[in-house]
Amino acid sequence: MGRAFEVRKVAMAKTQAAKSKVYSKYGKEIYVAAKNGGPDPDTNVALKRLMEKAKKDQVPAHVVEKAIEKAKGAGGEDYTPARYEGYGPGNCMVIVDCLTDNNNRTITDVRNCFTKTNSKIGAPGAVMHMFDHQAIFSFKGDDDEPVLEALMMADADVTDVEVEDGMVTVFAPHTEFYKVKTALSEAFDGIEFETEEITFVPQTTTKVSGDDVAMFEKFMTMLNDCDDVQDIYHNAEVDE
């Protein structure tokens, strides 16, 4: 087996670590959503959305059920959201969303990622104003007219609809997530969403090139390796 097996073993270990990170991330988010809004997805839209997203990302049912059961009990972990903003390699803008039960540990870990990659952590609001908080849906299609018509008939507020490479992408304010999803699902029987998420979309992009590319990749890897980091948003356009 030799070297080839060793390489494959490392790759398998990395995949398993990535899966564990994904499961842990969903476990925390579902726990917090169920704790704050109740364990019933029929009355807790945030929990319902997370459960649907987890299913799509192939998170095992037992991970979801365990998080909800945990939220039903008294006490338990007390996770709170924490958001950090700043400038990464190449002066790109970055937002880092965390869930933490220890703010001191989290800020130390996140600041360390910025410091070790010549990046700069900023004050709250430093870059947030350059991102739009939006719901995004993408699905196969090549005509935006019936999509716009369906959304208009449902009186859904939409920011933009794009058609590119056989895909339709709908952008809407994050508060319209379920209204837009319902309108599209009812108008197009059997629709399959390739993307359905609430995210931060940058208003402009920053080109990252040269030596900054390797540093940017290191920065992203370090952030993703932090247990408390849930999501990372940036406006970097990285040279291949």
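Eight aromatic pairs are counted, where rings of Phe, Tyr and Trp (its six-membered ring) pair if their centres lie within 6.5 Å, with planes under 30 degrees apart counted as stacked, over 60 as edge-to-face and the rest as tilted. The model is predicted, so local features need pLDDT of at least 70 and side-chain atom pairs count only at pLDDT 80 or more, while totals for chains, interfaces and linings use all residues. Residues are numbered from 1 along each chain as its sequence is written, and side-chain values use heavy atoms, with hydrogens and water left out.

Tyr31 belongs to helix α1 (residues 2-37) and Tyr79 to the loop between α3 (61-72) and β1, so the pair ties together parts that are 48 residues apart in sequence. Helices (H or I, at least four residues) and strands (E, at least two) are DSSP runs, numbered from the N terminus. Both Tyr31 and Tyr79 are buried; buried means under 20% relative accessible area, exposed over 50%, and partly exposed in between (1.4 Å probe, protein chains only).

The rings of Phe200 and Tyr233 have centres 5.0 Å apart and planes at 75°, so this pair is also edge-to-face. Phe200 lies in strand β7 (residues 195-202) and Tyr233 in strand β9, so parts 33 residues apart in sequence are tied together. Phe200 counts as buried at 8% relative accessibility, and Tyr233 counts as buried at 11%. Ring pairs also join Phe137, Phe139, Phe177, Tyr178, Phe188 and Phe193 into a cluster.

The charged end of Arg49 sits over the ring of Phe177, 5.6 Å from its centre, and Lys70 lies over the face of Tyr31, at 6.0 Å from the ring centre. The criterion is NZ of Lys or CZ of Arg within 6 Å of the ring centre and within 35 degrees of the ring normal.

In helix α4, the buried residues are Thr106, Ile107, Val110, Cys113 and Phe114. Seen down the axis of α4, they fall within an arc of 120°, so they line one face of the helix; the arc is that of the directions from the helix axis to the C-beta atoms. The face turned away from the buried side of α4 carries the exposed residues Asn104 and Thr115. The buried residues of α4 pack against β1 (80-87), β2 (93-100), β3 (120-121), α7 (211-224) and β9 (229-234), with contact meaning heavy atoms within 4.5 Å.
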